[in-house]
Amino acid sequence: MTETNTLGGRVKRYARVSTSMGTLAVRAAGERVLGLKGDDARRAADLRQALGGLKGPLMKVAQILSTIPDALPQEYINELAQLQADAPRMGWPFVKRRMTAELGPSWESRFGRFEHEAAAAASLGQVHRAESLEGQALACKLQYPDMASVVDADLRQLKVFISLYRRYDGAIDPSDLHAELGDRLREELDYSREARNMRLYRHMLASEPAVHVPEPLADLSTDRLLTMTWLDGARLLDFANHSQEERNTIAYHMFRAWYVPFYDYGVIHGDPHLGNYTVREDLSLNLMDFGAIRVFNPTFVKGVIDLYFALRDNDADRAVHAYECWGFGNLSREMIDILNQWARFIYGPLLEDRLRIIREDMPSGGQIGRKVAEKVHADLKAIGGIKPPREFVLMDRAAIGLGSVFWHLDAHINWYQMFHEIIGTFDADALAHRQAIALAEAGLV
């Protein structure tokens, strides 16, 4: 059963968001008209206050944007980083209505047990523990009401915010990023698609014994209800004080969980935050939440690898080709030099054949990374700005998000060797063949 995108639902959401963001927009416009110097720190605090109370897609999109270098000012990033992803849980009356709408009035008879209280909640839905009639532990993910209208309204409001920001700073044109985020968020509303994504990941990671993916149950799932097997595990941060060897093992499994699918199949899990995986007693991983999945053209994956070798070998021509594969256009030599500053920072751990932590500047407060980002921003602004391709969003988010997780684990790993172990003798044609088979088996073509 599909929930429609209604005018009434959008109007209600517009009212809530517009009221929250009105002061910010008026103040920003007034400063521009009057020629006053803007206070980014104050506007950023206003934005966090507005978004923090909504607990919906707009908050989630803002968090994603906060991880993209120079998509927002540093003051905005500092404030948005404080937003919490956990939304208020919907009560039992809502759960009964939703379950009845999805599985019919006798839905409870199809479960051996169904817990009234949600086990977890996020921006788009909440999860309840349950058991099958045979006693198998299950997780039932229920979508909140009227989310299609909410997503549409939030994306329109975000576009307004981006337009306001671009009046102040033209270093980055995020319009394609907005389009990409919109497509991915709308896909996340389709739980039947997420079930297919889950089957895709079960296929791609079948040879990774240390990574576990839930199994979706088609007869207990719909477009707004996703029932899957329950995977027991502990929070990753619970292992922060474990031995160095154990933390390294967890980081190794996580690296493979994200990048085997990418370099072997051209698929990325675009939401690597702490709530999307748990750790088992044997230190293997449970990977969860398959809404934000991105399938890339094999040429794009080749461009990611080509850029690595271009940086390693100082090969300017190969770098140009790599950025073109990523989707960047109108590339001058000056633009390439600027983009390479950030690329060297991101690829840095993979370029050194030695044991190291993922970000060696973090103990000093991340000053090196911040200085690199600020210099890239200033240099881009000086040459007229750039329009990042939409493919950049989830790829960059995965790299930065995983880097943050590895830093929390304080993992000491030879990232160079781990990367080369995965890419091996990369062949784009072989990837295309594997990708076609995997997508067909998962029902995604």
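Helices here are DSSP runs of H or I with at least four residues, strands are DSSP runs of E with at least two, and both are numbered from the N terminus. Counted that way, the protein chain has 16 helices and 11 strands. What you're looking at is a predicted model, in which local features need pLDDT of at least 70 and side-chain atom pairs count only at pLDDT 80 or more, while totals for chains, interfaces and linings use all residues. Residues are numbered from 1 along each chain as its sequence is written, and side-chain values use heavy atoms, with hydrogens and water left out.

Let's begin with the chain as a whole. Of its 445 residues, 53% count as buried, where buried means under 20% relative accessible area, exposed means over 50%, and partly exposed is in between (1.4 Å probe, protein chains only). The accessible surface comes to about 19,400 Å², and 52% of that belongs to carbon and sulfur atoms; such areas come from the Shrake-Rupley method with a 1.4 Å probe, and for residues only the protein chains shown count as cover. As for contacts (heavy atoms within 4.5 Å), take those between residues at least 6 apart in sequence: 73% of them join residues at least 24 apart.

Now go inside. A nonpolar core is a set of buried Ala, Val, Leu, Ile, Met, Phe, Trp, Tyr and Cys residues joined through side-chain atoms within 4.5 Å. The largest one has 89 residues, and Met-254, Tyr-259, Phe-262 and Tyr-263 have the most contacts inside it. Helix α9 (residues 244–265) supplies the largest share of this core, 11 residues. Leaving aside residues up to four places away in sequence, Tyr-263 touches Val-301, Val-304, Ile-305, Phe-419, Ile-422, Ile-423, Phe-426, Leu-431 and Arg-434. There's also a second, separate core of 15 residues, which includes Trp-107, Phe-111, Cys-140 and Leu-220.

Next, a sheet. Four strands form an open sheet with mixed pairing, in the order β5-β10-β9-β7; two strands pair if DSSP finds at least two bridges between them. The edges belong to β5 (211–212) and β7 (234–235), each with a single partner strand, so one side of each has no neighbour in the sheet. The partner of β5 is β10 (residues 285–287), and the two run in the parallel sense over two bridges. One of the bridge pairs is Val-211 with Leu-285 in β10.

A salt bridge is a side-chain nitrogen of Lys or Arg within 4 Å of a carboxyl oxygen of Asp or Glu, and the count comes to 24. In one of them, Arg-256 meets Glu-208, with the closest N and O atoms 2.8 Å apart. Arg-256 sits in helix α9 and Glu-208 in the loop between α8 (191–204) and β5, so this pair ties together parts that are 48 residues apart in sequence. Both Arg-256 and Glu-208 are buried.

Helix α8 has its own part in this. It has 14 residues and reaches 20 Å from its first C-alpha to its last, close to the expected 20 Å, a figure found as 1.5 Å times one less than the number of residues. Among its buried residues are Tyr-191, Glu-194 and Met-198. Arg-193 is partly exposed at 26% relative accessibility and forms a salt bridge with Glu-187, the closest N and O atoms being 3.6 Å apart. Glu-187 is buried, at 17%. Both belong to a network of salt bridges that links Glu-180, Asp-183, Arg-184, Glu-187, Arg-193, Arg-294 and Arg-390.
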